[in-house]
Structure formats: structure tokens, C-alpha cells
Amino acid sequence: MLTEQRELVGKILAFVREDEANRLGGNTSIYDEPLVGFAQARDPLFEKLKEEEVIGDVHRSPEEWLPGALCVISYFLPFSREIRSSNYGNGLASEEWLQGRFQGEGLNNKLRKFLVEELTARGGRAIAPAIDKDWMVDYQLCRSNWSERHAAFIAGLGTFSLNRGMITSRGMAGRFGSVITNLEFTPTERAYRSPFEHCPFLVDGSCGACIDRCPVGAITAEGKDKKRCHQYIFIEDPLAEIRMKYGYPQSACGKCQTSVPCETGIP
């Protein structure tokens with residue numbers, strides 16, 4: 001099983017490295033090499049996500065997405081130095097970051113589909129909730145019925161931060177994805193004991209760099225005002241002219257993920 005698991009991880013890494021969708025023209029990569037983690041589908045933490053103070057009963061368990069599910073495969077796609085550094089300035093997000101956000105999510109969706117097909121070819125069944133017809137987001141409550149970040153936490157990839165992002169061993173500037181399967185793989189060890197262990201501010205009150213990075217004050221010592229963040233990106237739409245040029249559905253920001261100590265690693 002470990003040999004098959006290593007082979008699968010190798011295919012994920014090769015897909016990201018070689019697919020043309022991981023290019024912003026020329027030789028600029030959108031993502032660096034991804035992290036991959038595995039979680040047992042019946043890990044009790046998936047049921048804990050249904051608690052109101054975590055996500056709520058809107059969240060579906062792996063078994064509810066795929067009857068007979070045994071494993072959740074989660075991955076983190078870290079943005080390349082070129083994408084990250086383009087967004088270091090204050091104010092509006094860079095055009096490169098905007099492109100990386102949406103063209104990069106296109107690659108993420110291709111990877112989700114690739115994994116479903118690969119697992120099916122191995123004799124299993126698989127589903128990627130984020131591209132399934134039943135996936136939904138309640139924008140009023142800022143909750144969805146499948147959380148990529150929480151799946152990544154359970155799969156040992158990282159812990160949560162003050163800005164509600166996730167700090168992995170390769171930082172927080174990037175995108176997450178996951179696939180649920182009825183094939184069995186060895187779960188990744190969670191090398192942390194707390195959901196907030198990697199964030200200095202949530203551990204001992206130090207850092208807090210992301211507070212000053214937010215252009216609309218949505219991040220404070222109390223946490224992140226997700227509704228204010230949503231209003232800025234979706235309603236105020238600060239990059240409307242640029243994003244319409246590319247046909248992207250909304251603006252982007254990412255300031256709290258860049259030019260901060262947790263951008264590329266655990267502080």
C-alpha cells in the first residue's frame with residue numbers, strides 16, 4: 001500500500017510540475033511543488049466539523065459524500081515566488097496574484113479531476129466535493145458543505161491562523177484541494193496537537209502581521225470578519241476592470257497571505 005501511495009503522490013507532483021495550466025505565460029509558474037496528506041475518512045474530527053462552533057451541520061462527512069469512503073486525500077498548492085512577490089505592495093492585489101488565483105484554481109480543478117480518474121482506474125470510487133454538483137456555499141453564513149482547509153488540517157498538512165488561513169510547512173500562500181475515495185491509504189501523522197499551533201499570534205500573542213496587511217481592516221486581534229472580507233472582494237469589487245478583462249468572476253486580495261512571516265513556512 002505504501003508503494004502505491006508513494007506512486008500516487010509522485011503522479012500528483014508530476015501533474016502540477018508538467019501541466020501547461022501551471023504557467024502564466026513564459027516560464028512563470030503559478031504553483032511550486034505541492035504538499036500531499038492523507039486522512040482516514042472515519043477520523044472523528046470529520047464529525048466534529050458538524051459542531052456549530054466549528055462549521056455546523058451544513059458540513060457533510062466523507063461518508064455522506066461517498067458511501068463506503070475510507071480515505072480523504074488532501075493537498076496544498078503553494079504559489080510560486082513570482083506570484084507571491086508581485087503582491088507585496090499595499091493596496092490592491094497585483095494582476096499576477098489575480099491571475100494566479102483564478103487560472104491557478106483552474107489547474108486545481110484539473111488536478112481534482114485527474115485524481116478522481118486515477119483512483120477510478122485503480123478500481124476504486126472517488127469524488128472531489130468542490131467540483132461536484134452538490135457542493136454549495138452559504139455566503140450569508142460564510143460556510144460550505146465541504147471545507148478544503150479543515151480536510152487539510154485533519155490530513156496533517158497544517159493548522160489555522162488568525163486570518164482564518166492555514167499555515168503549512170510551505171506557508172499559507174496557495175490553494176487547497178481534496179478528493180474522497182473508497183480506496184485505503186495510510187493516514188499522514190498530524191505533527192501538531194492544537195488547531196492553531198503554527199500561528200504565533202494565536203499561541204502567545206506575538207506577530208499579528210496579517211492585521212496590518214488587510215486593506216479593509218477585516219482582521220483584528222479578535223480574528224477575521226469574513227463578511228467584511230466578502231464584501232470587499234465580491235461587492236466593492238476593487239479589481240473589477242482588470243478581472244473583467246480576463247473574465248474572472250470576482251476580485252481577489254491575498255494581502256494577508258503575502259509579506260507575512262507565515263507566507264512560505266511555519267514562523
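Modeller: A residue counts as buried under 20% relative accessible area, as exposed over 50% and as partly exposed in between, using a 1.4 Å probe and protein chains only. This is a predicted model, in which local features need pLDDT of at least 70 and side-chain atom pairs count only at pLDDT 80 or more, while totals for chains, interfaces and linings use all residues. Residues are numbered from 1 along each chain as its sequence is written, and side-chain values use heavy atoms, leaving out hydrogens and water.

Colleague: How many residues of strand β8 are buried?

Modeller: Strands (E, at least two residues) and helices (H or I, at least four) are DSSP runs numbered from the N terminus. Strand β8 covers residues 174-181, and seven of its eight residues are buried, so that it is mostly covered.

Colleague: What is the order of the strands in the open sheet?

Modeller: Two strands pair if DSSP finds at least two bridges between them. Here four strands form an open sheet in the order β1-β2-β8-β3, with antiparallel pairing, and β1 and β3 are the edge strands, each pairing on one side only. Eight bridges join the antiparallel strands β2 and β8, whereas β3 (residues 126-127) pairs with β8 over two bridges, also in the antiparallel sense. You can follow I180 of β8 on the structure, for it is the bridge partner of V72 and also the bridge partner of I127.

Colleague: Which strands does α1 touch where it packs on the sheet?

Modeller: Contact means heavy atoms within 4.5 Å, and by that test α1 touches β1 and β2. Its direction makes about 140° with that of β1, where axes are lines fitted to C-alpha atoms, for helices over the stretch in contact, and angles run from 0 to 180 degrees between N-to-C directions. The buried residues of α1 are Q5, L8, I12, L13, A14, F15 and V16, and they pack against β1, β2 and α5. Helix α5, for its part, lies across β2, β3 and β8, running at about 20° to β8.

Colleague: Which residues touch the most other members of the largest nonpolar core?

Modeller: In soluble globular proteins, nonpolar side chains tend to be buried together. A nonpolar core is a set of buried Ala, Val, Leu, Ile, Met, Phe, Trp, Tyr and Cys residues joined through side-chain atoms within 4.5 Å. The largest one here has 34 residues, of which I73, L111, L119 and F185 touch the most other members. Two or more residues come from each of α1 (2-18), β1 (35-40), β2 (71-78) and α5 (95-121), and α5 gives the most, with seven. If residues up to four places away in sequence are not counted, L119 touches L8, I73, G124, A126, V179, T181, L183 and F185. A second, separate core has 24 residues, including A39, L66, V72 and F153.
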